[in-house]
Amino acid sequence: MSSLIGPVPAVAQAPAGASTAAAKPARKLLIRTWGCQMNVYDSGRMADILAPLGYAPTESAEEADMVILNTCHIREKASEKVFSDLGRLRETKKARAAEGRQTVIAVAGCVAQAEGAEITARAPWVDIVLGPQTYHRLPEMVARASRAAGAVIETDFPAEDKFDHLPEARASQGPVAFLTIQEGCDKFCSFCVVPYTRGAEFSRGPEAIIAEARQLAAGGAREIALLGQNVNAWAGEAQSGAKWRLARLLRELAEIPGVARLRYTTSHPRDMDDDLIAAHGDIPALMPYLHLPVQSGSDRVLAAMNRGHKADLYLRLADRLREARPDIALTSDFIVGHPGETAADFEATMRLVERVGFAGAYSFKYSARPGTPAAGQPNAVPEAEKDARLQTLQALLREQQDRFNRAVVGRVVDVLITGTGRHPGQVAGRSPWLQPVHATGAAPVGAVVPMQLRAAHPNSLSATMAHQESAAA
Ligand code: SAH
Ligand code: SF4
Ligand code: F3S
(Lines give C-alpha, C1' and ligand atoms only; values in the text may rest on other atoms or scores of the structure.)
(Ligands and ions follow the chains in the order given, each with its own letter.)
Protein backbone atom coordinates (compact mmCIF):
# COMPACT_ATOMS: atom_id res chain seq x y z
CA MET A 1 0.00 0.00 0.00
CA SER A 2 1.35 3.40 -0.83
CA SER A 3 1.11 5.29 2.40
CA LEU A 4 0.88 9.04 2.69
CA ILE A 5 2.18 8.81 6.20
CA GLY A 6 4.87 6.21 5.67
CA PRO A 7 8.23 7.82 4.99
CA VAL A 8 10.02 4.79 3.54
CA PRO A 9 10.93 5.25 -0.11
CA ALA A 10 11.26 2.02 -2.08
CA VAL A 11 14.56 3.20 -3.52
CA ALA A 12 16.33 6.23 -2.15
CA GLN A 13 19.52 7.79 -3.41
CA ALA A 14 22.24 8.30 -0.83
CA PRO A 15 22.58 11.79 0.53
CA ALA A 16 25.51 13.82 -0.82
CA GLY A 17 28.86 12.81 0.66
CA ALA A 18 31.10 15.10 2.68
CA SER A 19 33.18 17.45 0.61
CA THR A 20 36.55 16.55 2.08
CA ALA A 21 37.53 15.01 -1.25
CA ALA A 22 39.20 17.98 -2.89
CA ALA A 23 42.78 16.64 -2.86
CA LYS A 24 41.89 13.12 -4.02
CA PRO A 25 41.29 11.92 -7.58
CA ALA A 26 37.70 12.55 -8.62
CA ARG A 27 35.74 9.32 -8.51
CA LYS A 28 32.03 8.76 -8.64
CA LEU A 29 29.93 6.69 -6.30
CA LEU A 30 26.39 5.44 -6.88
CA ILE A 31 24.49 3.99 -3.93
CA ARG A 32 21.08 2.41 -4.46
CA THR A 33 19.09 1.77 -1.32
CA TRP A 34 16.19 -0.59 -0.67
CA GLY A 35 14.40 -1.52 2.54
CA CYS A 36 14.03 0.30 5.81
CA GLN A 37 15.32 3.65 7.03
CA MET A 38 18.23 1.92 8.71
CA ASN A 39 19.49 1.11 5.23
CA VAL A 40 19.01 4.76 4.25
CA TYR A 41 21.12 5.75 7.27
CA ASP A 42 23.74 3.13 6.41
CA SER A 43 23.94 4.38 2.82
CA GLY A 44 24.62 7.90 4.09
CA ARG A 45 27.35 6.55 6.35
CA MET A 46 28.95 4.58 3.50
CA ALA A 47 29.06 7.82 1.49
CA ASP A 48 30.69 9.54 4.52
CA ILE A 49 33.33 6.79 4.72
CA LEU A 50 34.17 6.86 1.01
CA ALA A 51 34.22 10.66 0.62
CA PRO A 52 37.81 10.98 1.93
CA LEU A 53 38.91 8.49 -0.75
CA GLY A 54 37.69 10.91 -3.40
CA TYR A 55 34.26 9.41 -4.10
CA ALA A 56 31.61 12.00 -4.92
CA PRO A 57 27.96 11.00 -5.38
CA THR A 58 26.39 10.39 -8.77
CA GLU A 59 23.02 9.05 -9.82
CA SER A 60 24.25 7.58 -13.10
CA ALA A 61 25.52 4.00 -13.29
CA GLU A 62 27.46 4.83 -16.47
CA GLU A 63 29.44 7.50 -14.59
CA ALA A 64 30.00 5.48 -11.43
CA ASP A 65 33.45 4.09 -10.58
CA MET A 66 31.82 2.29 -7.70
CA VAL A 67 28.24 1.07 -7.33
CA ILE A 68 26.87 -0.09 -3.99
CA LEU A 69 23.52 -1.87 -3.87
CA ASN A 70 22.29 -1.59 -0.30
CA THR A 71 19.77 -4.40 -0.20
CA CYS A 72 16.77 -5.68 1.73
CA HIS A 73 15.91 -9.33 2.40
CA ILE A 74 12.59 -8.85 4.19
CA ARG A 75 10.34 -10.26 1.46
CA GLU A 76 11.10 -12.36 -1.60
CA LYS A 77 10.32 -9.53 -4.02
CA ALA A 78 12.76 -7.20 -2.27
CA SER A 79 15.59 -9.74 -2.61
CA GLU A 80 14.91 -10.55 -6.25
CA LYS A 81 15.20 -6.89 -7.28
CA VAL A 82 18.88 -7.05 -6.43
CA PHE A 83 19.59 -9.70 -9.02
CA SER A 84 17.76 -7.89 -11.80
CA ASP A 85 19.76 -4.76 -10.96
CA LEU A 86 22.99 -6.77 -10.96
CA GLY A 87 22.13 -8.10 -14.43
CA ARG A 88 21.95 -4.55 -15.79
CA LEU A 89 25.13 -3.52 -13.97
CA ARG A 90 27.04 -6.36 -15.62
CA GLU A 91 26.43 -4.71 -19.00
CA THR A 92 27.42 -1.28 -17.68
CA LYS A 93 30.62 -2.70 -16.21
CA LYS A 94 31.49 -4.35 -19.54
CA ALA A 95 30.85 -1.17 -21.51
CA ARG A 96 33.01 0.87 -19.12
CA ALA A 97 35.79 -1.74 -19.23
CA ALA A 98 35.82 -1.45 -23.04
CA GLU A 99 36.63 2.24 -22.50
CA GLY A 100 39.38 1.35 -20.01
CA ARG A 101 37.37 2.35 -16.94
CA GLN A 102 37.16 0.12 -13.88
CA THR A 103 33.89 -0.35 -11.98
CA VAL A 104 33.76 -1.75 -8.47
CA ILE A 105 30.40 -3.38 -7.72
CA ALA A 106 29.47 -3.98 -4.09
CA VAL A 107 26.41 -5.65 -2.61
CA ALA A 108 25.70 -4.45 0.94
CA GLY A 109 22.82 -4.81 3.38
CA CYS A 110 20.63 -7.71 4.37
CA VAL A 111 20.71 -9.77 1.14
CA ALA A 112 24.51 -9.63 1.36
CA GLN A 113 24.36 -10.83 4.96
CA ALA A 114 21.87 -13.61 4.22
CA GLU A 115 23.26 -14.89 0.94
CA GLY A 116 26.97 -14.00 1.19
CA ALA A 117 29.00 -16.13 -1.18
CA GLU A 118 25.92 -17.21 -3.17
CA ILE A 119 25.80 -13.71 -4.60
CA THR A 120 29.22 -13.96 -6.16
CA ALA A 121 28.42 -17.46 -7.41
CA ARG A 122 25.30 -16.15 -9.15
CA ALA A 123 26.86 -12.83 -10.19
CA PRO A 124 30.65 -13.26 -10.45
CA TRP A 125 31.04 -9.65 -11.64
CA VAL A 126 30.35 -8.52 -8.06
CA ASP A 127 33.60 -7.39 -6.38
CA ILE A 128 32.55 -6.89 -2.77
CA VAL A 129 29.87 -8.44 -0.57
CA LEU A 130 29.51 -6.73 2.81
CA GLY A 131 27.04 -7.20 5.63
CA PRO A 132 25.36 -4.35 7.53
CA GLN A 133 27.87 -4.56 10.40
CA THR A 134 31.07 -4.37 8.37
CA TYR A 135 30.81 -1.28 6.20
CA HIS A 136 33.25 0.70 8.35
CA ARG A 137 35.88 -1.52 6.66
CA LEU A 138 34.88 -0.38 3.16
CA PRO A 139 38.07 1.57 2.33
CA GLU A 140 40.17 -1.53 3.00
CA MET A 141 37.76 -3.74 1.04
CA VAL A 142 37.87 -1.35 -1.93
CA ALA A 143 41.66 -1.48 -1.91
CA ARG A 144 41.62 -5.28 -1.72
CA ALA A 145 38.99 -5.55 -4.47
CA SER A 146 41.05 -3.40 -6.84
CA ARG A 147 44.01 -5.76 -6.37
CA ALA A 148 42.34 -9.14 -6.00
CA ALA A 149 41.02 -11.39 -8.70
CA GLY A 150 38.18 -12.87 -6.61
CA ALA A 151 35.47 -11.10 -4.65
CA VAL A 152 35.98 -9.72 -1.14
CA ILE A 153 33.35 -11.00 1.29
CA GLU A 154 32.86 -9.50 4.79
CA THR A 155 29.76 -10.44 6.71
CA ASP A 156 30.87 -10.48 10.36
CA PHE A 157 28.96 -9.39 13.43
CA PRO A 158 28.58 -7.53 15.78
CA ALA A 159 27.58 -3.87 15.47
CA GLU A 160 29.76 -2.46 18.30
CA ASP A 161 32.79 -2.48 16.12
CA LYS A 162 31.06 -0.62 13.32
CA PHE A 163 29.86 2.28 15.47
CA ASP A 164 33.31 2.56 17.11
CA HIS A 165 34.96 2.93 13.71
CA LEU A 166 32.60 5.16 11.77
CA PRO A 167 33.97 8.64 11.04
CA GLU A 168 32.64 11.29 13.41
CA ALA A 169 31.97 13.73 10.61
CA ARG A 170 28.63 13.37 8.92
CA ALA A 171 27.69 15.04 5.68
CA SER A 172 24.86 17.51 6.10
CA GLN A 173 21.53 15.70 5.87
CA GLY A 174 19.29 18.73 5.37
CA PRO A 175 16.44 19.57 7.74
CA VAL A 176 15.38 15.95 8.30
CA ALA A 177 18.00 13.48 9.51
CA PHE A 178 18.13 9.83 10.54
CA LEU A 179 20.22 8.65 13.47
CA THR A 180 20.64 4.94 14.19
CA ILE A 181 20.69 4.31 17.95
CA GLN A 182 19.95 0.59 18.06
CA GLU A 183 20.48 -2.35 15.76
CA GLY A 184 19.47 -5.94 15.59
CA CYS A 185 16.71 -7.98 17.08
CA ASP A 186 16.38 -10.77 19.65
CA LYS A 187 12.66 -11.29 19.19
CA PHE A 188 12.66 -13.93 16.46
CA CYS A 189 9.19 -13.45 15.06
CA SER A 190 8.33 -16.59 13.11
CA PHE A 191 8.32 -14.88 9.71
CA CYS A 192 11.22 -12.47 9.96
CA VAL A 193 14.81 -12.49 8.68
CA VAL A 194 16.03 -9.47 10.66
CA PRO A 195 17.49 -11.38 13.65
CA TYR A 196 19.60 -13.34 11.16
CA THR A 197 20.64 -10.44 8.93
CA ARG A 198 21.23 -7.77 11.57
CA GLY A 199 22.23 -9.94 14.50
CA ALA A 200 21.52 -9.53 18.21
CA GLU A 201 20.12 -6.37 19.78
CA PHE A 202 22.76 -3.74 20.32
CA SER A 203 22.28 -0.25 21.78
CA ARG A 204 24.72 2.62 21.20
CA GLY A 205 25.77 4.62 24.25
CA PRO A 206 23.93 7.89 24.98
CA GLU A 207 27.04 10.09 24.72
CA ALA A 208 27.80 8.97 21.15
CA ILE A 209 24.16 9.47 20.15
CA ILE A 210 23.97 12.95 21.69
CA ALA A 211 27.24 13.95 20.00
CA GLU A 212 25.93 12.77 16.64
CA ALA A 213 22.63 14.60 17.16
CA ARG A 214 24.51 17.83 17.99
CA GLN A 215 26.48 17.46 14.82
CA LEU A 216 23.36 16.87 12.77
CA ALA A 217 21.72 19.94 14.34
CA ALA A 218 24.82 22.03 13.61
CA GLY A 219 24.58 20.84 9.99
CA GLY A 220 21.00 22.10 9.70
CA ALA A 221 18.88 19.18 10.92
CA ARG A 222 15.69 20.37 12.63
CA GLU A 223 13.94 17.02 12.78
CA ILE A 224 15.78 13.91 13.90
CA ALA A 225 14.35 10.42 13.58
CA LEU A 226 15.99 7.89 15.88
CA LEU A 227 16.24 4.53 14.20
CA GLY A 228 16.44 0.93 15.28
CA GLN A 229 14.91 -2.39 14.24
CA ASN A 230 13.54 -2.34 17.79
CA VAL A 231 14.17 1.26 18.65
CA ASN A 232 12.12 1.28 21.84
CA ALA A 233 14.12 -1.68 23.14
CA TRP A 234 17.07 0.75 23.26
CA ALA A 235 18.89 0.48 26.58
CA GLY A 236 22.06 2.52 26.51
CA GLU A 237 24.77 2.44 29.10
CA ALA A 238 26.24 5.85 29.85
CA GLN A 239 29.98 6.22 30.57
CA SER A 240 29.02 6.72 34.23
CA GLY A 241 27.54 3.23 34.18
CA ALA A 242 23.96 4.56 34.38
CA LYS A 243 21.38 2.68 32.33
CA TRP A 244 19.18 4.85 30.16
CA ARG A 245 15.92 4.02 28.45
CA LEU A 246 14.51 5.75 25.39
CA ALA A 247 12.34 8.31 27.21
CA ARG A 248 15.38 9.72 29.00
CA LEU A 249 17.34 9.91 25.75
CA LEU A 250 14.47 11.76 24.05
CA ARG A 251 14.34 14.26 26.92
CA GLU A 252 18.06 14.98 26.55
CA LEU A 253 17.92 15.26 22.77
CA ALA A 254 14.99 17.69 22.97
CA GLU A 255 17.34 20.13 24.78
CA ILE A 256 19.82 20.38 21.90
CA PRO A 257 19.64 23.84 20.32
CA GLY A 258 18.15 23.63 16.84
CA VAL A 259 16.38 20.32 17.35
CA ALA A 260 12.72 21.17 16.87
CA ARG A 261 11.30 17.72 16.24
CA LEU A 262 12.00 14.18 17.34
CA ARG A 263 10.62 10.85 16.17
CA TYR A 264 11.65 7.25 16.68
CA THR A 265 11.01 4.15 14.61
CA THR A 266 10.35 1.17 14.59
CA SER A 267 8.86 0.16 17.91
CA HIS A 268 7.63 -3.13 19.28
CA PRO A 269 4.47 -3.18 21.44
CA ARG A 270 6.27 -5.22 24.11
CA ASP A 271 8.83 -2.46 24.69
CA MET A 272 6.42 0.49 25.09
CA ASP A 273 7.25 1.28 28.73
CA ASP A 274 5.31 3.71 30.98
CA ASP A 275 7.96 6.42 30.81
CA LEU A 276 7.96 6.32 27.01
CA ILE A 277 4.17 6.64 26.87
CA ALA A 278 4.39 9.57 29.31
CA ALA A 279 7.10 11.16 27.13
CA HIS A 280 4.51 11.55 24.37
CA GLY A 281 2.58 13.82 26.68
CA ASP A 282 5.39 15.88 28.11
CA ILE A 283 8.08 16.38 25.43
CA PRO A 284 6.79 19.06 23.05
CA ALA A 285 9.47 18.23 20.45
CA LEU A 286 8.33 14.61 20.29
CA MET A 287 5.99 14.56 17.33
CA PRO A 288 2.43 13.24 17.77
CA TYR A 289 3.11 10.21 15.64
CA LEU A 290 4.02 6.62 16.39
CA HIS A 291 4.65 3.69 14.08
CA LEU A 292 3.78 0.64 16.14
CA PRO A 293 3.53 -2.57 14.12
CA VAL A 294 0.97 -5.10 15.33
CA GLN A 295 1.02 -7.56 12.36
CA SER A 296 -2.28 -9.27 13.28
CA GLY A 297 -5.35 -8.77 15.45
CA SER A 298 -5.76 -12.49 16.21
CA ASP A 299 -4.29 -13.87 19.43
CA ARG A 300 -3.86 -17.24 17.77
CA VAL A 301 -1.82 -15.76 14.93
CA LEU A 302 0.11 -13.44 17.25
CA ALA A 303 1.14 -16.54 19.21
CA ALA A 304 2.08 -18.41 16.03
CA MET A 305 4.11 -15.37 15.00
CA ASN A 306 5.91 -15.41 18.36
CA ARG A 307 5.07 -11.73 18.87
CA GLY A 308 4.93 -12.17 22.64
CA HIS A 309 1.72 -10.22 23.28
CA LYS A 310 -2.02 -10.37 22.66
CA ALA A 311 -4.27 -8.05 20.69
CA ASP A 312 -5.59 -6.61 23.93
CA LEU A 313 -2.16 -5.26 24.91
CA TYR A 314 -2.06 -3.34 21.65
CA LEU A 315 -5.53 -1.87 22.21
CA ARG A 316 -4.57 -0.76 25.71
CA LEU A 317 -1.37 0.83 24.42
CA ALA A 318 -3.35 2.74 21.79
CA ASP A 319 -5.70 4.04 24.47
CA ARG A 320 -2.91 5.04 26.83
CA LEU A 321 -0.93 6.79 24.08
CA ARG A 322 -4.05 8.76 23.17
CA GLU A 323 -4.59 9.69 26.79
CA ALA A 324 -1.03 11.01 26.94
CA ARG A 325 -1.23 12.75 23.56
CA PRO A 326 -4.78 13.01 22.20
CA ASP A 327 -3.77 14.03 18.67
CA ILE A 328 -1.25 11.20 18.23
CA ALA A 329 -1.33 9.48 14.82
CA LEU A 330 -0.84 5.74 15.05
CA THR A 331 0.47 3.77 12.10
CA SER A 332 1.25 0.08 11.85
CA ASP A 333 2.42 -2.89 9.81
CA PHE A 334 0.27 -5.91 8.99
CA ILE A 335 0.93 -9.32 7.51
CA VAL A 336 -1.97 -11.27 6.02
CA GLY A 337 -1.81 -14.98 5.30
CA HIS A 338 0.73 -16.09 7.90
CA PRO A 339 0.72 -19.93 7.91
CA GLY A 340 -2.38 -21.12 9.71
CA GLU A 341 -4.29 -17.82 9.48
CA THR A 342 -8.01 -18.62 9.12
CA ALA A 343 -10.85 -16.42 7.88
CA ALA A 344 -11.81 -15.84 11.52
CA ASP A 345 -8.24 -14.77 12.38
CA PHE A 346 -8.32 -12.31 9.53
CA GLU A 347 -11.65 -10.96 10.79
CA ALA A 348 -9.97 -10.32 14.14
CA THR A 349 -7.36 -8.20 12.34
CA MET A 350 -10.15 -6.21 10.65
CA ARG A 351 -11.80 -5.64 14.02
CA LEU A 352 -8.55 -4.43 15.58
CA VAL A 353 -8.08 -1.96 12.73
CA GLU A 354 -11.63 -0.68 13.16
CA ARG A 355 -11.15 -0.32 16.86
CA VAL A 356 -7.80 1.54 16.70
CA GLY A 357 -8.31 3.78 13.66
CA PHE A 358 -4.94 4.17 11.95
CA ALA A 359 -3.51 7.25 10.24
CA GLY A 360 -1.64 5.02 7.79
CA ALA A 361 -0.17 1.55 7.55
CA TYR A 362 1.93 -0.82 5.54
CA SER A 363 0.38 -4.17 4.83
CA PHE A 364 1.95 -7.19 3.20
CA LYS A 365 1.15 -10.68 2.07
CA TYR A 366 3.14 -13.18 4.07
CA SER A 367 6.28 -14.12 2.15
CA ALA A 368 8.13 -17.28 3.19
CA ARG A 369 11.76 -16.48 3.99
CA PRO A 370 14.38 -19.22 3.90
CA GLY A 371 15.59 -20.26 7.34
CA THR A 372 12.74 -18.68 9.34
CA PRO A 373 10.49 -20.93 11.48
CA ALA A 374 7.26 -20.03 9.63
CA ALA A 375 8.75 -21.01 6.27
CA GLY A 376 8.75 -24.68 7.19
CA GLN A 377 5.12 -24.82 8.33
CA PRO A 378 2.70 -27.01 6.35
CA ASN A 379 -0.47 -24.91 6.75
CA ALA A 380 0.23 -22.24 4.12
CA VAL A 381 -2.62 -19.94 3.10
CA PRO A 382 -3.39 -20.16 -0.65
CA GLU A 383 -2.10 -17.20 -2.68
CA ALA A 384 -5.58 -16.21 -3.92
CA GLU A 385 -6.85 -16.08 -0.35
CA LYS A 386 -3.90 -13.90 0.68
CA ASP A 387 -4.65 -11.55 -2.21
CA ALA A 388 -8.29 -11.24 -1.25
CA ARG A 389 -7.49 -10.58 2.42
CA LEU A 390 -4.87 -8.00 1.53
CA GLN A 391 -7.34 -6.12 -0.68
CA THR A 392 -9.99 -6.12 2.01
CA LEU A 393 -7.55 -4.89 4.65
CA GLN A 394 -6.00 -2.24 2.42
CA ALA A 395 -9.41 -0.83 1.49
CA LEU A 396 -10.15 -0.26 5.17
CA LEU A 397 -6.69 1.15 5.90
CA ARG A 398 -6.94 3.52 2.95
CA GLU A 399 -10.32 4.72 4.11
CA GLN A 400 -8.91 5.37 7.60
CA GLN A 401 -5.92 7.20 6.18
CA ASP A 402 -8.17 9.44 4.05
CA ARG A 403 -10.35 10.09 7.06
CA PHE A 404 -7.31 11.05 9.14
CA ASN A 405 -6.03 13.40 6.45
CA ARG A 406 -9.42 15.07 6.05
CA ALA A 407 -9.78 15.44 9.81
CA VAL A 408 -6.73 17.71 10.10
CA VAL A 409 -7.95 20.08 7.37
CA GLY A 410 -8.80 23.45 8.87
CA ARG A 411 -6.20 23.23 11.64
CA VAL A 412 -3.26 25.60 11.97
CA VAL A 413 -0.13 23.49 12.48
CA ASP A 414 3.64 23.87 12.36
CA VAL A 415 5.08 22.79 9.03
CA LEU A 416 8.80 22.05 8.69
CA ILE A 417 9.98 23.44 5.35
CA THR A 418 11.96 20.80 3.45
CA GLY A 419 12.28 22.36 -0.02
CA THR A 420 10.50 24.01 -2.88
CA GLY A 421 7.14 22.75 -4.10
CA ARG A 422 6.36 21.15 -7.44
CA HIS A 423 5.00 24.41 -8.84
CA PRO A 424 6.86 27.74 -9.01
CA GLY A 425 6.34 29.95 -5.98
CA GLN A 426 5.55 26.98 -3.71
CA VAL A 427 7.27 25.54 -0.67
CA ALA A 428 7.09 21.91 0.45
CA GLY A 429 7.24 20.64 3.99
CA ARG A 430 5.90 18.09 6.41
CA SER A 431 3.26 18.27 9.08
CA PRO A 432 3.73 16.98 12.64
CA TRP A 433 1.99 13.78 11.41
CA LEU A 434 4.52 13.28 8.58
CA GLN A 435 2.10 14.35 5.87
CA PRO A 436 3.69 16.15 2.91
CA VAL A 437 2.37 19.73 2.79
CA HIS A 438 2.65 22.32 0.03
CA ALA A 439 1.82 26.00 0.17
CA THR A 440 2.24 29.12 -1.93
CA GLY A 441 4.81 31.53 -0.54
CA ALA A 442 8.44 31.66 0.46
CA ALA A 443 10.20 30.31 3.54
CA PRO A 444 13.74 29.05 4.06
CA VAL A 445 14.45 25.31 4.20
CA GLY A 446 14.56 24.29 7.86
CA ALA A 447 12.09 26.93 9.04
CA VAL A 448 9.10 25.78 11.06
CA VAL A 449 6.16 27.80 9.76
CA PRO A 450 2.60 27.85 11.09
CA MET A 451 0.20 27.01 8.28
CA GLN A 452 -3.50 26.52 7.94
CA LEU A 453 -4.25 23.17 6.32
CA ARG A 454 -6.73 23.76 3.50
CA ALA A 455 -7.35 20.52 1.63
CA ALA A 456 -6.42 16.85 1.63
CA HIS A 457 -5.23 15.35 -1.65
CA PRO A 458 -4.38 11.67 -2.28
CA ASN A 459 -0.71 12.10 -1.34
CA SER A 460 -0.39 15.49 0.31
CA LEU A 461 -2.10 18.41 1.98
CA SER A 462 -2.31 21.94 0.65
CA ALA A 463 -2.02 24.82 3.08
CA THR A 464 -1.69 28.57 3.36
CA MET A 465 0.86 30.29 5.52
CA ALA A 466 -0.86 31.42 8.68
CA HIS A 467 0.83 34.86 8.72
CA GLN A 468 -0.48 35.55 5.20
CA GLU A 469 -3.92 34.72 6.53
CA SER A 470 -3.67 37.25 9.30
CA ALA A 471 -2.16 39.83 6.93
CA ALA A 472 -5.11 39.38 4.59
CA ALA A 473 -7.69 39.46 7.36
N1 SAH B 1 11.00 -4.46 13.67
C2 SAH B 1 9.76 -4.20 13.12
C3 SAH B 1 9.58 -4.59 11.67
C4 SAH B 1 10.70 -4.86 10.78
S5 SAH B 1 10.32 -5.51 9.19
C6 SAH B 1 8.71 -4.90 13.95
O7 SAH B 1 9.01 -5.66 14.83
O8 SAH B 1 7.54 -4.73 13.69
C9 SAH B 1 9.08 -4.44 8.54
C10 SAH B 1 7.78 -5.12 8.26
O11 SAH B 1 7.90 -6.06 7.22
C12 SAH B 1 7.24 -5.93 9.42
O13 SAH B 1 6.60 -5.15 10.36
C14 SAH B 1 6.30 -6.89 8.73
O15 SAH B 1 5.00 -6.36 8.65
C16 SAH B 1 6.90 -7.03 7.35
N17 SAH B 1 7.48 -8.36 7.17
C18 SAH B 1 8.55 -8.88 7.80
N19 SAH B 1 8.78 -10.14 7.40
C20 SAH B 1 7.83 -10.43 6.48
C21 SAH B 1 7.51 -11.59 5.70
N22 SAH B 1 8.22 -12.69 5.81
N23 SAH B 1 6.45 -11.51 4.87
C24 SAH B 1 5.71 -10.39 4.77
N25 SAH B 1 5.96 -9.28 5.47
C26 SAH B 1 7.00 -9.29 6.32
FE1 SF4 C 1 11.49 -8.93 12.79
FE2 SF4 C 1 9.97 -9.38 14.89
FE3 SF4 C 1 12.42 -8.46 15.22
FE4 SF4 C 1 10.55 -6.88 14.18
S5 SF4 C 1 10.57 -7.74 16.26
S6 SF4 C 1 12.63 -7.13 13.44
S7 SF4 C 1 9.35 -8.31 12.99
S8 SF4 C 1 11.88 -10.44 14.41
FE1 F3S D 1 15.17 -4.99 4.92
FE2 F3S D 1 17.26 -5.47 6.41
FE3 F3S D 1 15.81 -3.32 6.85
S4 F3S D 1 15.87 -6.96 5.64
S5 F3S D 1 13.78 -3.99 6.23
S6 F3S D 1 16.97 -3.74 5.05
S7 F3S D 1 16.77 -4.60 8.36
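Visitor: Where does T266 lie?

Guide: In this predicted model, T266 sits in the loop between strand 14 (261-265) and helix 10 (274-282).

Visitor: What is the peptide bond from T265 to T266, cis or trans?

Guide: That bond is cis, and its omega is near 5°.

Visitor: And F188, what is its phi?

Guide: Phi of F188 is near 50°, which is a positive value in a residue other than glycine. F188 belongs to the loop between strand 9 (182-183) and helix 7 (194-197).

Visitor: Which residues are around ligand 2?

Guide: F188 is one of them.

Visitor: Change of topic. How is the protein divided into domains?

Guide: Domain 1 covers 20-154, domain 2 covers 162-407 and domain 3 covers 412-472.

Visitor: How far apart are the C-alpha centres of domain 1 and domain 2?

Guide: They lie 28 Å apart. In terms of contact, 22 residues of domain 1 meet 28 residues of domain 2.

Visitor: What area is buried between domain 1 and domain 2?

Guide: About 2300 Å², with carbon and sulfur atoms giving 59% of that. On the domain 1 side, M38, Y41 and R45 lose the most area to domain 2, together 30% of what that side buries.

Visitor: How many salt bridges does the rule find across that interface?

Guide: It finds 2 between domain 1 and domain 2. There are also 12 residue pairs in polar contact across the interface.

Visitor: Which helices supply the domain 1 side?

Guide: Helix 1 (37-50), helix 2 (76-98) and helix 3 (109-115) each give at least two residues to the side of domain 1 that touches domain 2. Helix 1 supplies the largest share, 9 residues.

Visitor: How does that side divide by class?

Guide: The side of domain 1 that touches domain 2 has 10 nonpolar, 7 polar and 5 charged residues.

Visitor: One more on salt bridges. What does D42 form one with?

Guide: D42 pairs with K162, and the closest N and O atoms of that salt bridge are 3.8 Å apart.

Terms used:
Residues numbered from 1 in each chain as written. Chains lettered and ligands numbered in written order. Predicted model: local features only at pLDDT ≥ 70, side-chain atom pairs only at ≥ 80, totals over all residues. Heavy atoms only, no water. Near = heavy atom within 4 Å. Domains from an automatic or database assignment. Contact = heavy atoms within 4.5 Å. Buried area = accessible area lost by both parts, 1.4 Å probe. Salt bridge = Lys/Arg side-chain N within 4 Å of Asp/Glu carboxyl O. Polar contact = N/O pair within 3.5 Å; in protein donor to acceptor, adjacent residues only side chain to side chain. Helix = DSSP H or I, 4+ residues; strand = E, 2+ residues; numbered from the N terminus. Nonpolar A, V, L, I, M, F, W, Y, C, P; charged D, E, K, R; others polar.
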